[in-house]
Amino acid sequence: FEEGGTTAPVDLGPNHYALTLQGGANFASNDGVGAFYFDGNAEWVQVNDYVVSGDANTYEAWVWINNTTGWNTIFDSGTEKPLCGILSGQMRAYPSGTDLGTVDSAKWYHLVWSFASNSDMDAWINGVKVAGRRSKAI
């Protein structure tokens with residue numbers, strides 16, 4: 001991987017939103033595999049022109065949590081509330097603003113959240129559905 005890469009990733013979804021790196025976030029890729037690097041100092045990936053009512057807004061990330069203190073943004077739309085982040089050890093995705101599941105520091109997590117509208121959101125932590133229809137709390 002390229003050290004300190006600053007090229008924003010590409011949104012492969014049908015809406016093809018423009019993504020920008022904010023606050024010193026880094027993205028590096030090699031042979032089609034990409035990775036973000038955040039040093040814990042107010043960085044995030046901004047999803048530009050995000051609209052909650054879009055019909056195909058699904059976001060997925062593998063995240064290593066260094067610190068669960070306070071708010072840690074993972075993805076942010078820039079105009080809406082943050083799409084997804086960690087708040088004091090709880091995964092939280094907006095627009096619902098509710099705690100979806102506990103995450104600990106020094107572990108990898110696979111996070112997925114999908115919006116159909118302001119009132120219809122599904123979310124998964126490590127493959128376990130934690131929000132949406134027939135969700136199972138962890």
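1. Surface patch. In this predicted model, Trp62, Trp64 and Trp108 make up a nonpolar patch on the surface, and their accessible area together is about 430 Å². Trp64 belongs to strand 5, which covers residues 57-65. The relative accessibility of Trp64 is 40%, so Trp64 counts as partly exposed; the cut-offs are under 20% for buried and over 50% for exposed.

2. Confidence. The chain has a mean pLDDT of 75, with 76% of its residues at 70 or more. Confidence in the chain is lowest in strand 3 (residues 33-37), where the mean is 75, and highest in strand 12 (residues 128-131), where it is 88.

3. Overall composition. The chain contains 12 strands and 0 helices. Of its 138 residues, 41% are buried.

4. Which order do the strands of the open sheet follow? The sheet has 6 strands in the order 1-4-6-7-8-9, and the pairing is mixed. Strand 1 (19-22) and strand 9 (98-102) are the edges; each has a single partner strand, so one side of each has no neighbour in the sheet. From one strand to the next the twist averages 30°.

5. Strand 1 and its partner. Strand 1 pairs with strand 4 in the antiparallel sense, over 4 bridges. Within this pair, Leu21 stands opposite Val45 of strand 4. The two faces of strand 1 can be told apart: Leu19 and Leu21 are on the covered face, Thr20 and Gln22 on the uncovered one. In a regular strand, side chains alternate between the two faces of the sheet.

6. Strands 6 and 7. Strand 6 (residues 71-76) and strand 7 (residues 84-87) are also an antiparallel pair, with 4 bridges. Here Trp71 is opposite Leu87 in strand 7.

7. Salt bridges. How many salt bridges does a search of the whole structure find? The search finds 3. Side chains of opposite charge can pair when their charged atoms come close. Asp99 and Arg92 form one of them, with 2.9 Å between the closest N and O atoms. Asp99 is partly exposed because its relative accessibility is 42%, whereas Arg92, at 17%, counts as buried.

8. The Asp104 and Lys107 pair. The salt bridge between Asp104 and Lys107 has its closest N and O atoms 3.4 Å apart. Asp104 has a relative accessibility of 36% and counts as partly exposed. Lys107 is partly exposed too, with a relative accessible area of 41%.

9. The Lys129 and Asp122 pair. Lys129 and Asp122 meet through their side chains in a salt bridge, at 3.8 Å from N to O. This value lies within the 4 Å cut-off for a salt bridge. Asp122 counts as buried, because its relative accessibility is 17% and buried means under 20%.

10. Glu43. Is Glu43 buried or exposed? Its relative accessibility is 7%, so Glu43 counts as buried. Glu43 sits in the loop between strand 3 and strand 4 (44-47). From Glu43 to Asp76 the separation is 33 residues in sequence and 10.0 Å in space, C-alpha to C-alpha.

11. Positive phi at Ser88. Most residues other than glycine have a negative phi. Ser88 is not a glycine, yet its phi is positive, at about 50°. Ser88 is in the loop between strand 7 and strand 8 (90-93). With a relative accessible area of 52%, Ser88 is exposed, because exposed means over 50%.

12. Positive phi at Ala106. Ala106, a residue other than glycine, has a positive phi near 65°. Ala106 is placed in the loop between strand 9 and strand 10 (107-117). The relative accessible area of Ala106 is 49%, so Ala106 is partly exposed.

Definitions and conventions. Residues numbered from 1 in each chain as written. Predicted model: local features only at pLDDT ≥ 70, side-chain atom pairs only at ≥ 80, totals over all residues. Heavy atoms only, no water. Patch = residues over 30% accessible without salt bridge, like charges linked within 9 Å, V, L, I, M, F, W, Y side chains within 5 Å. Areas by Shrake-Rupley, 256 points an atom, 1.4 Å probe, with all protein chains shown as cover. Buried < 20%, exposed > 50% of the residue type's maximum accessible area, 1.4 Å probe, protein only. Pairing = 2+ DSSP bridges. Axes fitted to C-alpha atoms, helices over the stretch in contact; angles between N-to-C directions. pLDDT = per-residue confidence, 0-100.
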